[in-house]
Amino acid sequence: MTLGSGKNRLKIKGKFLAFFSIMPLLLATALIRVPCPICGGSGSVSSTGMEGVRISKIESSTQSTSLQACANYRLYNMEITMTLFNSGTRDADGFIDLYLLNYSTGTILDNEFTVEIIPAETEITDTFNSYFKVEVDTTGPVTVTAAVEKSGVACKACNGAGKVALNAWPFYNSMKANFTETQRIFKPYVAPVFIQPEH
Ligand SMILES: [Zn+2]
C-alpha cells in the first residue's frame with residue numbers, strides 16, 4: 001500500500017518535470033523567429049509571367065452584406081467571374097488586384113487580391129468569392145474591377161515581415177509546394193456575426 005502510493009508520487013513527479021521542461025521549450029520556439037519559408041525571408045512574393053496576362057472579362061454580383069465587429073464595418077461577399085488570357089510563352093502565376101467600386105460614383109471602397117495560374121497562350125475563366133470591408137453607411141450598388149499585378153505583394157504567411165515563429169515554420173514549410181493555395185488560405189476573411197441580405 002505505502003509502496004504503491006510512493007510509486008504513484010514518483011510518476012506524478014515525472015510528469016511535472018516533463019511539463020516544466022517542455023513548456024519553456026515551447027515558449028522559446030514561439031519566440032525564436034526564423035526566415036519565412038514561403039517568401040524566403042524577403043517579406044514579399046512576386047508574380048511570374050504576369051506581364052503577358054490581360055483581363056478580358058470580369059463580372060461580379062453581391063452575395064450578401066453583413067455588419068461586422070459591433071457594426072464597425074460592413075462586409076461584402078462578392079462572387080466574381082473573371083476571364084484571363086495569357087499571351088506569353090511561359091506559364092503565369094501571380095496576383096490580380098481586385099477593387100470594389102461604388103457603381104454610380106466609381107469611388108474605390110476597398111481592395112483585395114486573388115492568385116491565378118494561367119498556362120502559356122491560354123484563356124481561363126475562374127469564379128470565386130472575395131470579401132471586401134467598407135464603411136457601415138455604404139449604400140447603393142457596387143461592382144468589382146480588376147488589374148493584373150505585375151510585381152509582387154506582401155507575403156501573407158509572415159505578413160510581410162519575412163520571419164515566422166520557429167514553431168510555425170513546419171506548418172508554413174509544408175504548404176510551400178502550393179503557392180496559390182498558401183496565399184489564398186491567408187486571405188483575410190472574417191466569419192460573419194450575422195447575415196442580413198440587403199439590396
Ligand atoms: Zn513570408
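Two strands pair if DSSP finds at least two bridges between them. Strands (E, at least two residues) and helices (H or I, at least four) are DSSP runs, numbered from the N terminus. The model described here is predicted: local features need pLDDT of at least 70, side-chain atom pairs count only at pLDDT 80 or more, and totals for chains, interfaces and linings use all residues. Residues are numbered from 1 along each chain as its sequence is written.

Three strands form an open sheet in the order β6-β5-β8, with antiparallel pairing. Its edge strands, β6 (108-118) and β8 (142-148), each pair on one side only. Strand β5 (residues 92-102) is joined to β6 by ten bridges. Aspartate 97 has phenylalanine 113 in β6 as its bridge partner.

The largest nonpolar core has 19 residues. Such a core is a set of buried Ala, Val, Leu, Ile, Met, Phe, Trp, Tyr and Cys residues joined through C-beta atoms within 7 Å. Buried means that 20 or more other C-beta atoms lie within 10 Å of the residue's own, with C-beta atoms placed from the backbone. Tyr76 and Leu100 touch the most other members. Two or more residues come from each of β4 (73-86), β5, β6 and β8. Apart from this core lies another, of nine residues, including Ile38 and Cys155.

Confidence is given as pLDDT, the predictor's confidence in each residue, from 0 to 100. The protein chain has a mean pLDDT of 80, and 79% of its residues reach 70 or more. Confidence is highest in β8, at 94, and lowest in helix α3 (residues 179-185), at a mean of 55.

Notes. Buried ≥ 20, exposed ≤ 12 C-beta atoms within 10 Å, placed from the backbone.
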